[in-house]
Amino acid sequence: MIDGPVTLLVVDDEEAIRRSMRKYLTLQGYEVAVAASGEEALTVMGRQKIAGMLLDVNLPGINGVDLVPRVLELEPDTAILMLTAVNDATSAALCMQRGALDYLLKPVDLTHLGRAVQSALQRRHARLEGRDTGRRLGGEIATRAAERWIEQANQERISVATLDALVNALEAKDPYLRGHSARVADLSASVAAQLGCDDALIEAVRTAGRLHDIGMIGIREEVLNKQGPLTDAEYEHVKQHVLVGSQILAPLLHLKDVITYVRSHHERWDGFGYPDRLVGEQIPLGGRIIAAVEIYDALTTSRPYQEKMPPEIAVERMRDLVGTVLDPAVYQGLEAVVTQRQALVFLDDATG
Ligand SMILES: [Fe+2]
């Protein structure tokens, strides 16, 4: 390991914050450099080796969120802690998705700051030592963002809440996806209940619904944002999201069932799905439920190329998929839940 003084860089446009953090961190034994803007931070990094960075989200010029990837491009092992004025889970998750290790709320409590810096530097150190973790997981991981998440999940217990915030951040980029996972989670849980599943299974299905597409973080932006049909190679790449998703979640041992649902949510009843080509009841029930609900959600939400369908029409249309794509029992459960919900809507309209 590298010994000697550890240098931190405080990036904040407020002079008072730079001064108090520098003072506190110097007392803790760190070398401290400061910068008032993103541009200045990059210049400082060109001059000296920075182990850790405290980075304000709101900066004039390049903002903190956009600075994260540029910093990591210069020096991939920088331990970055974000400083944010508001408890904004989405921008914090976005920073963490881009490779920041943690975020602190302003005004920063200095003792908390000390602990957070220490733990971020420890993680950085563990990462330097465990360099090849990502490589061991196989070549199919597409992006550095996905590698980072897997690495981070291996080194600590990432909470479901953090992953949830990450899903929100991913969806926020696409107006057609916004709220998709939350709706899928909610409806999938209702379908599981309708099918008579026990509470533990219902909750596992709900969590899997929230996280089912988290592996999209491993899919290249140009493929995700492509207008028009995908080439075969691009489609193969998109399919990786079920594997990337289950790898991100793999270290979370208490989510064992959830992980099987995430992995299997694109399997088909007739065995022509992916990634494992499971057939019928070989497919975990949670995966079968999410598969059906995801199609329903796509049909009932507007998309660039499609008006949204009313619920009863969507369910009707999906009847054609029973026995090929969909498990007949799961379809019946979905149909029952949608019918009940529609009845409630009419009741509401009539009485409200
Ligand atoms: Fe998916």
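Modeller: Buried means under 20% relative accessible area, exposed over 50%, and partly exposed in between. Keep that in hand for this predicted model.

Colleague: Is Tyr-176 buried or exposed, or partly exposed?

Modeller: Tyr-176 has 34% relative accessibility, so Tyr-176 counts as partly exposed. Tyr-176 sits in the loop between α8 (160-172) and α9 (180-194). Ala-298 is 122 residues away in sequence, yet the C-alpha to C-alpha distance is 9.2 Å.

Colleague: Where does Thr-7 lie, and which residues does Thr-7 touch?

Modeller: Thr-7 is in strand β1 (residues 7-11). Thr-7 counts as buried because its relative accessibility is 12%. Leaving out residues up to four places away in sequence, Thr-7 touches Glu-31, Gln-48, Lys-49, Ile-50, Ala-51 and Gly-52.

Colleague: Now the metal. Which residues coordinate the iron ion?

Modeller: Asp-213 (OD), His-241 (NE2), His-265 (NE2) and His-266 (NE2) do, at 2.2 to 2.4 Å. Along the chain, the donors follow the spacing D-x27-H-x23-H-H. His-265 is buried, at 1% relative accessible area. His-266 counts as partly exposed, at 24% relative accessibility.

Colleague: Why is the site of the iron ion irregular?

Modeller: Ideal angles are 109.5 degrees for four tetrahedral donors. Four donors count as tetrahedral if all angles lie between 85 and 135 degrees. Here the angles among the four donor atoms run from 83 to 173 degrees, and the site is irregular.

Colleague: What is the mean pLDDT of the protein?

Modeller: The mean pLDDT is 84, and 84% of residues reach 70 or more. Over residues 132-142, pLDDT stays under 50. The model has 14 contacts beyond four places in sequence for residues 132-142.

Methods:
Residues are numbered from 1 along each chain as its sequence is written. This is a predicted model: local features need pLDDT of at least 70, side-chain atom pairs count only at pLDDT 80 or more; totals for chains, interfaces and linings use all residues. Side-chain values use heavy atoms; hydrogens and water are left out. pLDDT is the predictor's confidence in each residue, from 0 to 100. Contact means heavy atoms within 4.5 Å. Helices (H or I, at least four residues) and strands (E, at least two) are DSSP runs, numbered from the N terminus. Buried means under 20% relative accessible area, exposed over 50%, partly exposed in between (1.4 Å probe, protein chains only). Donors are N, O and S atoms within 2.8 Å of the metal (3.2 Å for Na, K and Ca); water is not among the atoms, so sites may look incomplete. Four donors count as tetrahedral if all angles lie between 85 and 135 degrees; four count as square planar and six as octahedral if opposite donors are over 155 degrees apart and all others between 65 and 115; anything else is irregular.
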